[in-house]
Amino acid sequence: MRKSFAFNVLFMVFINFLIKPFWVFGIDRTVQNKLGEQEYGLYFAIFNFTYLFQILLDFGLQNYNNREVAADNKKIDELLPGILILKTILFLIYLVICIAVAYPLGYLSKPFIWIILVNQILLSFNIYLRSNISAHQQFIKDALLSVLDKLLMIVFCAALIWGDFASLQLSIFNFVLAQLAAYFITFLVCFYFAVQLTNTFVIKFDWKKYYRIAQQTLPYAIIYFLMTTYYRIDGVMLEKLQGANGAIETGIYAQGYRIMESLNNIGYLFAGILLPLFAFKLTKNMEIKSLLKSGISIMFGVSVSMIVVFYYYKFDIMQLLYPNSDIAYSANVFGYLLLNFFPVAILYVIGTLLTANKNFRWMIYTLLIAVFLNIGLNFYLITNYGAKGAAQATLITQLFMLVCYTVFAIRIFKLKINFIYSFKLLLFTVLCFMILFLFKNVRLHPHETINLVVHILLYFAFIPIISMLSGLINRQTFQLRVGIDK
């Protein structure tokens with residue numbers, strides 16, 4: 001069934017904004033406020049530590065599978081059982097290496113690390129299983145599955161926070177235990193739908209096939225590892241480099257990071273739609289510039305509109321969410337993290353195109369430089385500026401990546417700079433600021449919190465209008481189709 005590209009994107013954004021803010025601001029934030037920055041900061045550091053080794057769980061299998069199955073849906077019969085066996089072997093390796101590295105860091109003394117490790121394994125399986133669904137261009141189903149784990153977590157964790165259970169008090173251990181239950185149920189559902197896509201599902205132990213798949217996924221694995229390193233190492237370095245103050249600084253960093261990550265998740269899910277579409281079009285030698293332009297237009301509009309309003313109200317937002325924190329410092333850290341959303345959002349479009357086109361060599365060289373740049377910046381900036389320094393290091397690294405990937409895309413696909421289109425991007429940005437300044441001095445409600453919420457809602461109500469007025473989103477964006485004719 002063919003649907004508008006914009007329809008699939010808007011549905012994905014809608015369903016995520018319907019569910020995930022409740023998780024980020026209602027549950028995750030409440031847990032940090034109740035348990036304190038130090039205890040939550042240690043959890044955040046250990047979570048980021050276990051995430052650093054996600055490459056051992058994925059090994060590039062998700063992007064490889066998404067591309068291959070999107071190009072030829074029949075490949076799922078061979079790839080699904082083979083990759084499931086391969087991922088089982090990989091998660092055993094993941095456990096051994098995580099335990100070996102965690103021991104000298106002192107993380108094994110925290111009982112909840114074992115549950116976090118299992119959660120990471122289940123999350124990796126869930127993402128891989130969903131890649132089969134998006135590869136079949138069943139984007140609505142994939143969007144619903146993408147929020148299932150968070151929906152279940154909201155239910156389970158809400159019972160922990162506000163329920164009256166003598167044996168289940170709120171703690172980091174019970175918090176990650178509730179996540180475990182949600183991930184496991186989601187795994188069962190994703191597995192069922194993935195198997196439904198196959199004509200035959202037979203598990204055979206074929207070591208030559210596993211080796212061949214591992215060889216083919218190696219470039220994806222290297223790219224994923226390097227991206228994860230410069231994207232996640234800041235939390236671990238912050239906790240270690242700040243010494244006795246490390247857990248508190250990491251907790252402050254986590255306050256803004258959870259908001260940034262929830263925004264970045266839009267780009268991640270958007271890339272999940274773009275990768276099979278780019279792969280399909282490139283395989284069939286079809287024109288991709290219209291899809292690329294639509295992707296950039298949508299992500300530019302989403303990222304710029306959000307950055308403008310959230311950056312302006314950053315002090316009010318942090319005051320509302322974390323009233324017991326150092327608001328000035330937390331808001332400053334949040335501001336730098338928020339600016340990351342722009343390069344990350346555009347990178348999800350351009351990077352996905354380069355991945356679909358298998359431009360691995362240039363991507364890997366750039367990512368290697370980005371990793372060393374990020375680690376070097378983190379050492380200097382975290383030592384001198386703490387959480388704010390970590391946010392600054394991340395922003396510099398992401399901007400470096402955006403410049404490099406943009407140059408690669410222009411050269412490889414022979415793209416030309418369109419000054420009229422560039423003017424539309426600039427006009428949209430200016431209109432965002434105009435809408436913001438139009439409402440900033442208007443007091444719509446005597447209560448400060450309600451007034452803030454109403455201002456932000458009114459601002460976003462005007463975004464679709466100025467998207468059309470600026471020409472950033474037009475009829476062509478909505479006419480672009482995805483799906484397979486039947």
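Trainee: Which residues form one aromatic cluster?
Mentor: The cluster is formed by Trp 23, Tyr 43, Phe 47, Tyr 51, Phe 112 and Phe 175. Rings of Phe, Tyr and Trp (its six-membered ring) pair if their centres lie within 6.5 Å; planes under 30 degrees apart are stacked, over 60 edge-to-face and the rest tilted. This is a predicted model, in which local features need pLDDT of at least 70 and side-chain atom pairs count only at pLDDT 80 or more, while totals for chains, interfaces and linings use all residues. Residues are numbered from 1 along each chain as its sequence is written, and side-chain values use heavy atoms, with hydrogens and water left out.
Trainee: How many aromatic pairs does the structure hold?
Mentor: There are 21 aromatic pairs. In one of them, Trp 23 and Phe 175 are stacked, at 5.8 Å centre to centre and 5 degrees between the planes. That pair links distant parts of the chain, 152 residues apart: Trp 23 is in helix H1 (residues 5-35) and Phe 175 in helix H8 (residues 172-196). Helices here are DSSP runs (H or I, at least four residues), numbered from the N terminus.
Trainee: Are Trp 23 and Phe 175 buried or exposed?
Mentor: Both Trp 23 and Phe 175 are buried. Buried means under 20% relative accessible area, exposed over 50%, and partly exposed in between (1.4 Å probe, protein chains only).
Trainee: Why is the pair of Phe 300 and Phe 342 edge-to-face?
Mentor: Because the planes of Phe 300 and Phe 342 are at 80 degrees, with the ring centres 5.7 Å apart.

Terms used. Helix = DSSP H or I, 4+ residues; strand = E, 2+ residues; numbered from the N terminus.
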